[in-house]
Amino acid sequence: MTGEVNIVRLPLGRLQLPEEGLADLWLARPDELPVQAGPMDETPTGNAGDSRKEKLARLRLRQQFLLRLLLGAYMNIPGKDVRLVRSGTGKPVLIPAQAATGLRFSLSHSGDWLMIGIARNHVIGVDIEAHRTMPRARELARRFFHPVESSDLEKREEPDLSRDFLATWTAKEAMVKAAGTGLAGYMDQIVTAPGAPGRLVRVPEDWPDPIHWSLMSLDLPEPLAAHVAMLHPSARWRLNQLQGPGRK
Ligand SMILES: CC(C)(COP(=O)(O)OP(=O)(O)OC[C@H]1O[C@@H](n2cnc3c(N)ncnc32)[C@H](O)[C@@H]1OP(=O)(O)O)[C@@H](O)C(=O)NCCC(=O)NCCS
């Protein structure tokens with residue numbers, strides 16, 4: 001599906017949870033947004049530190065700030081009142097009282113991009129990767145992918161090799177993030193159709209069968225490989241891009 005992009009400008013108003021089976025996707029470049037994520041944050045033109053470490057710390061602060069802002073907008077509460085905890089495998093989830101709203105989410109970052117996926121009642125996983133050349137694509141595929149997938153990738157040359165590797169990678173990570181398990185031991189058990197990473201062939205034995213899942217390849221206007229997984233048999237997605245008040 002090639003979706004239209006719905007541009008949403010800050011400040012955010014109240015948001016309605018999407019209907020069941022619809023993934024509400026939010027794409028943003030946190031560094032470009034006029035937000036103050038805390039005392040350690042400054043706008044890019046401000047006086048905050050400029051070392052790589054400081055920039056990364058500021059980016060992470062802003063990612064968490066935007067996640068809270070968004071979750072709060074769906075629950076009609078301020079972002080500071082959103083209560084998150086980590087599962088044993090590191091998946092961030094709402095505390096039970098807030099999860100009772102039906103709100104489910106997943107987050108991914110790559111480079112300076114952030115994507116947050118929101119769903120109602122069904123677990124969701126999103127994964128993005130900025131397009132780039134992957135010099136070790138074949139080696140990584142042999143190590144982490146199913147032989148059917150890695151032998152198909154062996155045949156590719158650049159730039160298709162890196163592009164298809166990242167597409168398959170994001171498909172698997174989106175599934176893992178929806179399931180909440182963590183990557184370890186699952187990458188080669190989630191099998192996608194060669195050349196069509198949005199087509200799920202097999203999942204780990206103790207997971208619901210592939211027919212219960214939707215794995216969606218996103219065709220984004222930005223240079224990103226991206227997939228969304230939902231434990232829903234016929235899910236769809238729509239894309240919102242967060243922008244500051246002034247930007248075209
Ligand atoms: C999360 C993971 C699947 C992908 O990470 P990545 O591609 O490097 O980075 P992304 O930006 O796409 O995703 C990171 C985000 O995923 C989320 N996340 C972390 N662990 C997760 C999990 N187990 N399930 C779902 N989402 C998870 C978090 O929101 C995290 O961002 P944050 O730390 O800033 O909040 C990978 O890091 C992983 O496997 N983590 C689990 C570690 C693990 O296996 N621990 C074993 C403990 S038993």
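User: What gives the most to the shell around the ligand?
Analyst: That is E5, with three residues. Helix H1 (52-75), strand E5 (103-110) and helix H5 (160-179) each supply at least two residues of this shell. Helices (H or I, at least four residues) and strands (E, at least two) are DSSP runs, numbered from the N terminus.

User: What kind of model is this, and how are residues numbered?
Analyst: This is a predicted model, in which local features need pLDDT of at least 70 and side-chain atom pairs count only at pLDDT 80 or more, while totals for chains, interfaces and linings use all residues. Residues are numbered from 1 along each chain as its sequence is written, and side-chain values use heavy atoms, with hydrogens and water left out.

User: Back to the ligand: which residues come nearest?
Analyst: There are 17 residues around the ligand, and Ser108, His109, Glu173, Lys177 and Leu183 come nearest. A residue is near a molecule or strand if one of its heavy atoms lies within 4 Å of it.

User: Which side chains have an N or O atom by an oxygen atom of the ligand?
Analyst: For Glu173, the distance from a side-chain N or O atom to a ligand oxygen is 2.6 Å. The corresponding distance is 2.8 Å for Asp127 and 3.3 Å for Gln64. A polar contact is a pair of N or O atoms within 3.5 Å; within protein, one must be able to donate a hydrogen and the other to accept it, and residues adjacent in sequence count only if both atoms are side-chain atoms.

User: And how much of the ligand does the protein cover?
Analyst: On its own, the ligand has 890 Å² of accessible area, and the protein covers 69% of that. Accessible areas come from the Shrake-Rupley method with a 1.4 Å probe; for residues, only the protein chains shown count as cover.

User: How many residues of E5 are buried?
Analyst: Six of its eight residues are buried, so E5 is largely enclosed by the rest of the structure. Buried means under 20% relative accessible area, exposed over 50%, and partly exposed in between (1.4 Å probe, protein chains only).

User: What does E5 pair with?
Analyst: E5 pairs with E6 in the antiparallel sense, over eight bridges. Two strands pair if DSSP finds at least two bridges between them. Phe105 has Ile118 in E6 as its bridge partner. The two strands form a hairpin with two residues between them, and Gly111 in the turn has a positive phi of about 60°.

User: New topic: is strand E11 covered on one face or on both?
Analyst: Both faces are covered, with Leu224, Ala226, Val228 and Met230 buried on one side and Ala225, His227 and Ala229 buried on the other. E11 spans residues 224-230, and seven of its seven residues are buried.

User: Which strands pair with E11?
Analyst: Strand E7 (residues 124-130) pairs with E11 in the antiparallel sense over seven bridges, and Val126 is bridged to Val228 in E11. Strand E10 (residues 214-217) also runs antiparallel to E11, joined by four bridges. Ser217 has His227 as its bridge partner in E11, and six residues lie between E10 and E11 in their hairpin.

User: Where are the cis peptide bonds?
Analyst: One joins Leu10 and Pro11, with omega about 0°, and Pro11 lies in the loop between strand E1 (5-9) and strand E2 (22-28). Another joins Glu158 and Pro159, with omega about 5°; Pro159 is in the loop between helix H4 (147-154) and H5. Most residues other than glycine have a negative phi, and most peptide bonds are trans.

User: Which residue other than glycine has a positive phi?
Analyst: Asn76 has a phi near 60°, and Asn121 has a positive phi of about 70°. Asn76 is in the loop between H1 and strand E3 (84-86), and its relative accessibility of 48% makes it partly exposed. Asn121 lies in the loop between strand E6 (113-120) and E7 and is partly exposed at 40%.
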